[in-house]
Amino acid sequence: LQINIQKKLNCVNQKLNIAITRIAKPYGHPNIIAEFITGQLKNRVSFRKVMKKAIELTEQANTKGIQIQIAGRIDGKEIEQIEWIREGRVPLQTIRAKIRFGFQKTQMRKEVEYQEIQIHKENNNPNLRVAYTTKY
């Protein structure tokens, strides 16, 4: 694996270290959820079923909330649309909330669909107070 990657990156003379680690709860990461949604949509599964299944998988990873948004020509319809679903808390306005974002582009036969995933894990530091000033 290491030799093949060195050849593709044209860095045969340089040393390349690769560390592969196992993710404890993979469905707590938004990019993995986005890849799951992409695979299901390519298999022509209904987008609502896919979104509900993704929510079930993230609830098993002990998340506080998730928001999934799918945009494009969903299910091969003629007009583009945006569909989203949210479960739990996803405080996008709170600065200290730890929210992970994921984005995936899916190339289908006739259409291109975009998935945007936002997962709320927990607050970074509950004792932290954020103060800011604005100048006009």
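Q: Buried means under 20% relative accessible area, exposed over 50%, and partly exposed in between (1.4 Å probe, protein chains only). Why is Ile37 called buried?
A: Its relative accessible area is 0%, which is under the 20% limit, so Ile37 counts as buried. Keep in mind that this is a predicted model, where local features need pLDDT of at least 70 and side-chain atom pairs need 80 or more, while totals for chains, interfaces and linings use all residues. Residues are numbered from 1 along each chain as its sequence is written, and side-chain values use heavy atoms, leaving out hydrogens and water.

Q: Where does Ile37 sit, and what does Ile37 touch?
A: Ile37 belongs to helix 2. Leaving aside residues up to four places away in sequence, Ile37 is in contact (heavy atoms within 4.5 Å) with Val50, Ala54, Ile68, Ile70, Gln115 and Ile117. Ile37 and Met51 are 14 residues apart in sequence, yet their C-alpha atoms lie 7.4 Å apart in space.

Q: What makes up the overall layout of the protein?
A: Reading from the N terminus, you go through α-α-α-β-β-β-β, so there are 3 helices and 4 strands, taken as DSSP runs (helices H or I, at least four residues; strands E, at least two) numbered from the N terminus. Of the 136 residues, 32% count as buried.

Q: Which residues touch the most other members of the largest nonpolar core?
A: They are Ile37, Leu41, Ile68, Ile70 and Ile117, in a core of 18 residues. A nonpolar core is a set of buried Ala, Val, Leu, Ile, Met, Phe, Trp, Tyr and Cys residues joined through side-chain atoms within 4.5 Å. Helix 2, helix 3 (47-59), strand 1 and strand 4 (112-123) each give two or more residues to this core, and helix 3 brings the largest share, 6 residues. In soluble globular proteins, nonpolar side chains tend to be buried together.

Q: Why is strand 1 described as largely enclosed?
A: Of the 8 residues in strand 1 (residues 65-72), 7 are buried, so the rest of the structure largely encloses this strand. Take Ile68: beyond residues up to four places away in sequence, Ile68 touches Ile37, Met51, Ala54, Ile55, Glu83, Trp84, Ile85, Glu116 and Ile117.

Q: How do you know that strand 1 and strand 2 pair?
A: DSSP has to find at least two bridges between two strands. Strand 1 and strand 2 (residues 81-88) share 8 bridges in the antiparallel sense, so they qualify as a pair.

Q: What makes Glu83 and Arg48 a salt bridge?
A: You need a side-chain nitrogen of Lys or Arg within 4 Å of a carboxyl oxygen of Asp or Glu. Here the N to O distance is 3.8 Å, so the pair passes. The two residues are 35 apart in the chain, with Glu83 in strand 2 and Arg48 in helix 3. The structure holds 1 salt bridge.

Q: How exposed are those two partners, Glu83 and Arg48?
A: Glu83 has a relative accessible area of 21% and Arg48 has 46%. Both values fall between 20% and 50%, so each residue is partly exposed.

Q: Is Ile20 buried or exposed?
A: Ile20 has a relative accessible area of 70%, so the label is exposed. You'll find Ile20 in the loop between helix 1 (2-8) and helix 2 (30-42).
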